[in-house]
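Subject: Structure for you to look at

Hello,

Here is the structure I promised to pass on. Please open it next to this email and follow along.

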Amino acid sequence: MKKRQLGTSGLAVSEIGFGCMSLPTDEKDAGRIVDEAIAHGINYFDTADLYDKGENEKVVGKVLKHHRNDIILATKVGNQWQTNTDEVQWNPSKDYIKKQIHTSLKRLQTDYIDLYQLHGGMITDNSIETIEAFEELKKEGLIRAYGISSIRPNVINRFLTESEIASIMMQYSLLDRRPEELLDMIHQSGRSVVTRGTLAKGLLTAEGLERANQTKGYLNYESDELKNTLQQLMSIHNNLHALSVHSVLQHKAIGSVVTGASSPEQIKSTIKAYETTVTQDQLEQAKTVTRQDVYKEHRI
């Protein structure tokens, strides 16, 4: 498994990362999946305090504690949930971030987080105090680097300009190519992108057409267009999973493609896709049959 530098943070992350949100709650089942990922060279693991009201962080902490020195551990903050309800309040304040990290550290059974990410963001936020919180946490040795998880161009531009973020997490796939309007700028700024949604809820895997038959569409793709697009992609390469992964990895701004798995078999499938050869000509063909939309909202 190759690794890439995450911005200027000094963190070397595996080209395939693991999104922990889909981990089962059973520790033994989760442990088998994580062990499979690590055995194949995956070292980047991403969770959030929001997932399952913090229970996901607890599971991640249990199954990764014996691997702590060999992995890059990332989590997120900013969504303050109420313990007894499903209500979530957006809270990017300095006080909340600096308090919440101690809760995450306890659940993750570690004394530092490699990458701490703001889990969202709006242009109306007081970004100055948010950035101050992350910078102070770095100085205190509680985090090694920080980033944001956002698809809002105005928020991304603000943090690129005003902060020392290492990375931006964005949804990016062959079926959602909106980030391409920002990738060159992000790369030129010295930052990296970690992706989510690269398999488009399984639509860009071997089961893609079957899943497409069970849905009314995906983003701006209506049902028939979605099925037609998937068929065209499959005619370009017989491993749609591989085509989807390598199409995202080809840009220099990408640090890691973060994919989830709920079984060891799903990990093996993604690794097989990663190890499958995809030519540059096939990558270019794939982009001729998919739409390159742009972000229509949240612009300065």
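A cavity here is a set of grid points where a 1.4 Å probe fits but cannot get out. Rolling a probe the size of a water molecule over the atoms shows where empty space is left. Keep in mind that this is a predicted model.

How many cavities of 30 Å³ or more are there? The count comes to 1. The largest cavity has a volume of about 30 Å³. Its lining is made up of Met122, Asp125, Ser127, Val155, Arg158 and Phe159. By type, the lining residues are 3 nonpolar, 1 polar and 2 charged. Helix 5, residues 153-162, gives the largest share of this lining, with 3 residues.

Next, look at the loop between strand 9 (143-149) and helix 5. Arg152 is found there. Is Arg152 buried, partly exposed or exposed? Its relative accessible area is 27%.

Now the barrel. Which strands close into it, and in what order? There are 8 of them, in the order 3-4-5-8-9-10-11-14, and the pairing is parallel. From one strand to the next, the twist averages 30°. Strand 11 (residues 192-196) and strand 14 (residues 254-260) run parallel and are joined by 3 bridges.

Best wishes

Terms used:
Residues numbered from 1 in each chain as written. Predicted model: local features only at pLDDT ≥ 70, side-chain atom pairs only at ≥ 80, totals over all residues. Heavy atoms only, no water. Pairing = 2+ DSSP bridges. Helix = DSSP H or I, 4+ residues; strand = E, 2+ residues; numbered from the N terminus. Axes fitted to C-alpha atoms, helices over the stretch in contact; angles between N-to-C directions. 1 Å grid on protein atoms, 1.4 Å probe; cavity = no way out; pocket = protein on both sides within 12 Å on 5 of 7 lines; lining within 4 Å. Points joined across faces, edges and corners; volume = space filled by probe spheres on them. Nonpolar A, V, L, I, M, F, W, Y, C, P; charged D, E, K, R; others polar. Buried < 20%, exposed > 50% of the residue type's maximum accessible area, 1.4 Å probe, protein only.
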